[in-house]
Amino acid sequence: MAAMKPAAFDYHAPATLAGALDLLRGEEARVLAGGQSLVPTMAFRMARPGILVDINRIPALAYAEKRDGALAIGALARHAWFETPRAGGPLGRLLAAVVRHVAHAPIRTRGTFCGSLAHADAASEWCATVLALGGRMRCASATGTREVAAEEWFQGVFTTALQPGEMLTEVRLPLLGPDWRYGFAEFSRRAGDFALAMAVAVLRVEGGVVRQARIALGGIGGTPVLAKEAALALIGAAPTDAVIATAAETAAACCDPQEDIHAPAEYRRDLVRAMTRRALRQALAA
Amino acid sequence: MNWVGRAIERFEDPALLRGEGRFTADVAIGARVVRFLRSPVAAGRITRLAPPPEMPAGALFVTAADMPEVGAIRPMLHRFSYRAVEQPVLPRDRVHFVGQPVAAIVAASAELAEDLVELATLEIADETAVADFDDALAPGAPTVHAVAPGNVVVEGFVRQEGVDAALAGAHHVETFAFRSRRQNATPLEGRGGCAGYDRATGRVRLTASTQMPHMLRTGIAELLGMPEADLQVVAPDVGGGFGQKMSLFPEYAVLVWLARRHRRDFAWIEDRNENLIASAHSRDQRHVVRAAFDAAGRILALEADILANVGAFSCYPTTCAVEPLMAFAEYPGPYKVPLYGARARGVLTHTCPMAPYRGVSRPVITFGMERLMDRAAAALGLDAAEIRRRNLVDNFPYRTATGMTLDDATYVEAMEEAVRLADIPAFRARQAAARAEGRLLGLGLSVFNERTGYGTPAFAARSMGIVPGYEVVDIAMTPQGEVEARIGASPHGQGTRTTLAQVIADRLGLAPDQVRIVHGDTDRTPYGWGTFASRNAVISGGACQAAADKLAERLKRAAAVVLQTTAEQVMLRDGHAVGPHDASIAISALAQQVHQRSDLFGEYNLAESASYDPPGTFSNACHLAVVEVDAETGGVAILRYLVVEDAGRILNPMIADGQVRGGIAQGIANALYEEIVHAPDGNILTGTLADYIPPTSAEIPAIEIHHLETISEATATGAKGLGEGGSIGAPAAVANAISDALAHLGVDIAEIPATPPRIRALIRAAEAKARA
C-alpha cells in the first residue's frame, strides 16, 4: 500500500532553467527543490499543484559563492552547505550559526535555502536572516528577471512577492566587513522545531559605538519583521547592558505577536524580549 | 546455568534492525484500500450522506444503512452507577466526536480512496457540543447520550467514618487542586488492519495492530453475529501499543464485514492524523485532593474528588470507568492512609473516547499525592524525603484503606537510595550558588507503587462484564527437541519472545534459543487476554514456568525409562537428561525417541498446558529529577534523572531497563510536552505532530537506573511487572523539581503538561504579585 496520498499532479524534471521556466507558465505549477515543506503539505492535500517542476536536474542552480561583491545563493543550494562558511568574514559565520537551528540534519541535506525563502514560513530562520541582512531575491520567468528587496518580499502568511510563472532562482546577501557583529537566538519547544520566536541581530560597531543595526524577528506573526525601533535604540550608543535591555524592551513593546495554541501573544512578547536581548548580547560579546 | 537474570540480546531485534519486521501494513500490500469518511464536527445530526457522484469500478461506499445486522459496541460494567453507552460501528443518525468514522470508502489505491473521501457528501446539522467536563456538568448542558442524563456515565463514592473528624481536627490540612491535560499514546505504528477472505473456507483472517487478538476476535464476532471460529486474528509485529491498541475499534469490524460481504481482502492503515484525533485519548482529569496531617507530619485522612473526561463512548472491554475508578481505588499509593474518602466521576463529552494508556490513572494520582506531599512538607517545615519517610508503608503485608493488600516492597529503601545517590545537601549548595547567578535549579522526588501482574480476582473486583486476567500456555517439544510455547498474551515491543524463553530454558535445562514463543495468532495460541497492565512477564511468565515444569516431568519420566532409573532421579541440565552416575541422554534424542518409539514409553507426545491467574503484586520505585528552569522563557531542561526501581526478580535487566526508559520518556512527555487541545466546540486543534509534540531523543535526558530486587512471594517467578512504572513516576518528579526551582517565587505546578507558556505565566503572575 502506497503511503503517499497527494492529489493527482503532473511531474516534470527539466534539464535547463529555460525548460523549467517554460513549464512554470502552466496552470498551478510549483517548483520542487528539496521538497521538505512542499511534499508534506501535498500529502496533507493543503498544497495541490497541478504541475510539479522538479529542478534537481539543473546543475547550474547548485551554487553558493561570492559574485559581484555579494554571496549569491542558487536555487539548489542545500541548507547543509552553510554548515561550513560559504563566505568569508561575519556573514559566513552567521549563516553557519543559524543553519544549526534549521530543522534536523536529514532535512538540511535536502531542503534548500531558496526554497525556504519561497515557502516563507513565518518561523523560518533563513527568512528572518535574509530580512536582517537586507538580501535581494532574483525572480525569473519565461519573459524576464527582476529583483525584489527583502523588505518587499514577505507579503503575508506563506505569501511572497513571487508572481505566478516566476521562480526564485537566487538570493543575494551583502558581504559583511570585519566590523560587523551578529547574534541569533530562538526558542522552540523541541530541537529542530519551528521557533515560537527568534531574533537575528546584525550590527556594525565602530569605536565602541553602534553605527548600524538591523534586528529581524521571526516566528511571531505572519511574516518576519524588522524591529526598527529597537535597532534605533542602539544606534549611536555604546552597547551597555542597559542599552541592550532597552532595545529588547523596545522590540517587545513594538512587536505585534500572534496567538496560537502553542503561545499566547503575551508569551510571545516575553520571548521577543528575551531572544532580542540574547541575540544582542551574543553580537556584542567581546 | 541460569538464563533468568541475564541481559541476553533480544531475539526480536535482528529482523527489526534490518527492516525485515512484518507489520500490518506489510501484510496489507495488494488489498483494497479502505479510508474512512470522518465527522468534521463534534456533535450533530447526519442530514445527508452520499457517495461521490462517480464511483470508479471496484470502489465501494459503505454506511450504517448497508450493515443493519451489525450490532453496537456495548462494554458492560456491573455497577449500579454505570450507564451502558453504545457505540455504533458506523453511526445511523448522529455523530459524537470529531474524527468519528461515518462511512467507509474503498478504492484500488490510497490516493484514489483519498480522492473519493473528498468527493463524498456528508452534511451534518450541528448541535451544541460539550468538550470539557465543566461544560458537560453545567446545568442545562447538552446530553451526550440519553442513557446518561447529566453526562455522568459512572460514579464511585466512599467516605470512611472518621474522615470528617480527622479533617476538622487536624494539625494541618493540605489541599491540592490540579489538572492533567489530555494525551494520546502515540505509538510509532498507528492502528491498522487487513482483513483477508479465504474463499475455500469462508474464514476471515484479520491482521491487526492490536495488543489483544483473542478479545478483538470475540468482540468482532459478536458485533457481526458471525461464528467466532470463522475469524482468525493475527497480531504481527506491532509498533507499540501502550494501551491504545487494547480496545475494540469500529474500523476493525468494518474491515471484517467488508471481507465477508465482498469475499476479498480489505486493508485500512491509519495515518497520523487519524491516530491523533480518532484512536483513543487519556489522562484528561481534574482532581482536588486533601489530606489531614498531625503535628508530626503523618497523614490522618485523605480525600479525593476525581473528575475524568471519558469522551463520547465507553471502550471495550475495560469500559470508560477504567480511569476514574482506578484513581478512586488506588489513590493512597504507597502511603499509610488510615482513613479515606473519595468521589470519582466519569464524564461524557463530545470528544474522542478515553481508553487505557500506560499507567492509566496512576501518573495522575501519583502527581496528586507527590505534589501534595511536597506542599505539606513545606507547610510543616519538613524536607521532601522526611515527610515521605514518616508516611510510607514500611511493614508488609499492609492492607490499604481501599481494601488492597500491599505485598513486600521497598518504598522507604528505594527513596533512601535515590536520595543518597543524588546527594541532596550537595545539590542544595549548588542550587544556592546557581540562584545567586540567576539560574534556577530544582530537585523533585516521586515515590509510588504500581499494581502489576493481577489476574481475575482484581479484574472481577472492578465488576467488568468481561473479566480478564488469567493466561494459558500450551507447550510442546518437537521431535528434534525444540520447545514451542504458545501464549495467549500478545507482545508489542516488550521482548517477550526473549524473556519467556529465558524462563522456560531454565526449567528444561535448555538454552533460550531452543525455545520459540508463539504469540499473536488466534489460530495458533490458546485463548488469552493480551499484553497490557504490566502483566505479561508475571502472568505469561508464571504460566510458561508451570507448563515447562509439567513438560519437565514428562521428559524425566521418559528419561527414566532410557536411563533405567526413576523420574525423581533425573535432572535436566545443559541439554541433557541426567540420571545417577552421570548416565545421560540428550534431550533432543529423548524427544525423538518419545515421538518415534512411543511404544517403548507409553507417552504419546511431549505437550502440556498450564494456566496462571495470580492475585497481583506491587512493584515500586523512586524517581528523582533535577531540572533547570529558564525564567525568561519558561523552558525546562532536565539535568539529571535517576530511578531506583524494585520490580522483584528481573528476568532480563536490559529489557527491564528499556521498559523503564521508555516509560519515563512518555512520563516526561506527560509532564512537559504532550497535550490534545480542543476548541470549545469540540474541534480538535492538535491533529498533526507539528501541534501535538512528543519529545524526541534530543529532549529526553540520560536516565540512571538502579534496581532493588524484592523477590515477590505473590508470583510464580518472583518477578513483578514494570511496564508502566516509568510513565507513572515521571510527571510528579519533574513537576516537583520545577516547583522546587521556583519555590522562592511562590510558583507551584498544578497543571500538566507544564509547558513553557504556562510556567512563564506563573512566573509573570508571581512577579506581578510581588510588585503589588
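Is R389(B) buried, partly exposed or exposed? R389(B) counts as partly exposed, at 31% relative accessibility; here buried means under 20% relative accessible area, exposed means over 50%, and partly exposed lies in between (1.4 Å probe, protein chains only).

This is a predicted model, in which local features need pLDDT of at least 70 and side-chain atom pairs count only at pLDDT 80 or more, while totals for chains, interfaces and linings use all residues. Residues are numbered from 1 along each chain as its sequence is written, chains are lettered from A in the order in which they are written, and side-chain values use heavy atoms, with hydrogens and water left out.

**Salt bridges**

Over all chains, the whole structure holds 80 salt bridges, each defined as a side-chain nitrogen of Lys or Arg within 4 Å of a carboxyl oxygen of Asp or Glu.

| E118(B) | R48(A) | 2.3 Å |

E386(B) and R389(B) both lie in helix α11 (residues 384-389) of chain B, three residues apart, about one turn of the helix. Helices (H or I, at least four residues) and strands (E, at least two) are DSSP runs, numbered from the N terminus.

E303(B) is buried at 14%, whereas R290(B) is partly exposed at 28%.

E628(B) is in strand β30 (residues 617-629) of chain B and R439(B) in the loop between α13 (424-436) and β22 (440-452), 189 residues apart. Both partners are partly exposed, E628(B) at 21% and R439(B) at 35%. Elsewhere, salt bridges that share partners form one network, which includes K5(A), R35(B), R38(B) and E114(B).

**The interface of chains A and B**

In this interface, 26 residues of chain A are in contact with 36 residues of chain B, contact being heavy atoms within 4.5 Å. The two chains bury about 2500 Å² between them, 54% of it on carbon and sulfur atoms; buried area is the accessible area (1.4 Å probe) that two parts lose on being put together, summed over both. Eleven salt bridges are counted between chain A and chain B. Helix α10 (residues 265-284) of chain A gives the most to the side of chain A that touches chain B, with eight residues.

**Cysteines**

The search finds zero disulfides over all chains, a disulfide being a pair of cysteine sulfur atoms within 2.5 Å. The closest cysteine sulfur to that of C254(A) is in C255(A), 8.0 Å away and so too far for a bond. For C352(B) the closest is in C315(B), at 10 Å, again too far. C254(A) is partly exposed at 43%, and C352(B) is buried at 2%.

**A buried site in chain B**

I539(B) sits in helix α16 (residues 536-563) of chain B and is buried, with a relative accessible area of 0%. Leaving out residues up to four places away in sequence, I539(B) touches residues including G453(B), Y454(B), Y612(B) and P614(B). T717(B) is 178 residues from I539(B) in sequence and 9.1 Å away in space, C-alpha to C-alpha.
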